[in-house]
Amino acid sequence: MAIDTAVLVVGGGATGAGVARDLSLRGCDVTLVDRGGLADGTTGRSHGLLHSGARYAEADETGAEECIAENRVLRDIAGAAVADTGGLFVQLAEDDPEYFDAKRDACEAVGIPVEVVDGDEARAAVPDLAESVERAMRVPDAVVSPSRLVAANARDAADRGASIHYDSPVEGIRVDGGEVTGVAVGGALGETVRPEVVVNATGAWAGELAAMAGATVEMRPTRGLMVSVDYSTLGTVLNRCREPGDGDIVVPHEREAVLGTTSVAVDDPDDYERADWERERVREECAAMCPPLSDAAHVREWWGVRPLYEPDEADRGGRGISRGFFLLDGADEGVGNLLSVVGGKLTTYRLMAEATADAVCERLGVDEPCRTAEETLPGADDPDALDGFVADLGGPGPSDSDVAGR
């Protein structure tokens, strides 16, 4: 027996769940499938930073503007899925002061609130900061629980009629007459789905899914290591104010601090090396900002794989410039009802979902506006309810298992 649906969303990370929610709010018939638990891929393996846009301000004005706008939206709609920690960009003695100045000026130009403080004032706020911190810049970074965020989006979609299926991998795609006519889904669902439109929101695996339909999506995934240590007193996000590199961010959780990250290209997002040098590099570099991190007890670690789009990476020419998102139309390769959304950041997932839902609705002839920036997510004011949603949808990912998995 086959399942007929207007839209099949493949991928249950933040973007896929966001697309399902957005389309459900517009009255569309949606089915979402994921091969594992929701937020089991890139989303659930991040460091959980809700960007203020400051990281990208001097390199990509548009990307920075998107981040600060979405940062504000998520604070409004996501409630207990977001912790308002604030953030500091710190300049150490060996760091280029001109880079600091350029970042400050760029933040001010795009409307990101900043406050520059000297090293003593920064250490008064974060006593364990290194003595070599000469000055710091306060920015409105925050911390997001990816599992809570994704589960709340999926729960809202389900409450509005969407069918959500995890542990349900796509095993094959049939294309007839230039359109996807059937998608074989295994695992818990175990059915063929017959969609009018397919949304490929599989992140680093987008190329593999597209290939099943005879299309090409060029991805360049990179791995990154996060190390979580026993350190409960940080309180704010720490960013190294220098050209982006390994070990330049520390993200506070309730009882832990997450140290990140590295960036190493991989051929297969499921099968890649985990290198000892990454552990050593991340710990050493993060401890340069906050020395007690050097010997804080190791709690857990995880690698994530970034869903980078190959043509964009080739154009960028280097790490650290803001990575935008791309909506790719399969019609360009003869698959008229396949849309692939790739790239982007967790902070901009809702914006990515809105652009994708707009394109889907245009194909379906649905004339309804996006409402996801105004509609509060279910459970936003109740952490226990959010964690219940997480448990119902496959459990938390490693990024926030200390929070959503309590």
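How far is the sulfur of C107 from the closest cysteine sulfur? The sulfur of C107 lies 8.5 Å from that of C241, the closest cysteine sulfur, which is too far for a bond. The structure is a predicted model, in which local features need pLDDT of at least 70 and side-chain atom pairs count only at pLDDT 80 or more, whereas totals for chains, interfaces and linings use all residues. Residues are numbered from 1 along each chain as its sequence is written, and side-chain values use heavy atoms, with hydrogens and water left out.

With a disulfide defined as a pair of cysteine sulfur atoms within 2.5 Å, the structure holds zero disulfides. C67 is accordingly in no disulfide, and the nearest cysteine sulfur to its own, that of C107, is 11 Å away. Burial was assigned from relative accessible area, with buried meaning under 20%, exposed over 50% and partly exposed in between (1.4 Å probe, protein chains only). C67 counts as buried, at 0% relative accessibility, and C107 is likewise buried, with a relative accessible area of 0%.

C107 is one of the buried residues of helix α3, a set that also includes Y99, F100, K103, A106 and V110. Seen down the helix axis, the buried residues of α3 fall within an arc of 135°, so they line one face of the helix; the arc is that of the directions from the helix axis to the C-beta atoms. Helices (H or I, at least four residues) and strands (E, at least two) are DSSP runs, numbered from the N terminus. The face of α3 turned away from the buried side carries the exposed residues E98 and A109. Contact is defined as heavy atoms within 4.5 Å, and the buried residues of α3 pack against α2 (61-77), β5 (87-92), β6 (115-118) and β7 (133-139).

The N-terminal end of α3 is capped by D96, a side-chain oxygen of which lies 2.9 Å from the backbone nitrogen of E98. G111, with a positive phi near 90°, follows the helix.

Strand β5, against which α3 packs, has six of its six residues buried, so this strand is largely enclosed by the rest of the structure. In a regular strand the side chains alternate between the two faces of the sheet. Both faces of β5 are covered, with G87, F89 and Q91 buried on one side and L88, V90 and L92 buried on the other. Strands are taken to pair if DSSP finds at least two bridges between them. β5 pairs with β7 in the antiparallel sense over six bridges, and F89 stands opposite M137 in β7. β5 also pairs in the parallel sense with strand β14 (residues 237-240), over four bridges; the bridge partner of V90 in β14 is R240.

A further open sheet is formed by three strands in the order β3-β8-β4, with antiparallel pairing. Its edge strands are β3 (49-50) and β4 (82-83), each of which pairs on one side only. β3 and strand β8 (residues 142-144) run antiparallel and are joined by two bridges, with A142 in β8 as the bridge partner of L50.

Three further buried positions were examined individually. T202 lies in the loop between β12 (191-200) and α6 (206-212) and is buried, with a relative accessible area of 16%. A polar contact is a pair of N or O atoms within 3.5 Å; within protein, one must be able to donate a hydrogen and the other to accept it, and residues adjacent in sequence count only if both atoms are side-chain atoms. The side chain of T202 makes such a contact with the side chain of N200 (2.6 Å). Leaving aside neighbours within four places in sequence, T202 is in contact with V10, G11 and L209.

T356, in helix α9 (residues 349-364), counts as buried at 1% relative accessibility. Leaving aside neighbours within four places in sequence, the contacts of T356 are with V19, V199, L327, L339 and V341. P269 is found in the loop between β17 (264-265) and α7 (276-289) and counts as buried at 7% relative accessibility. Not counting residues up to four places away in sequence, P269 touches A204, W205, E208 and V305.
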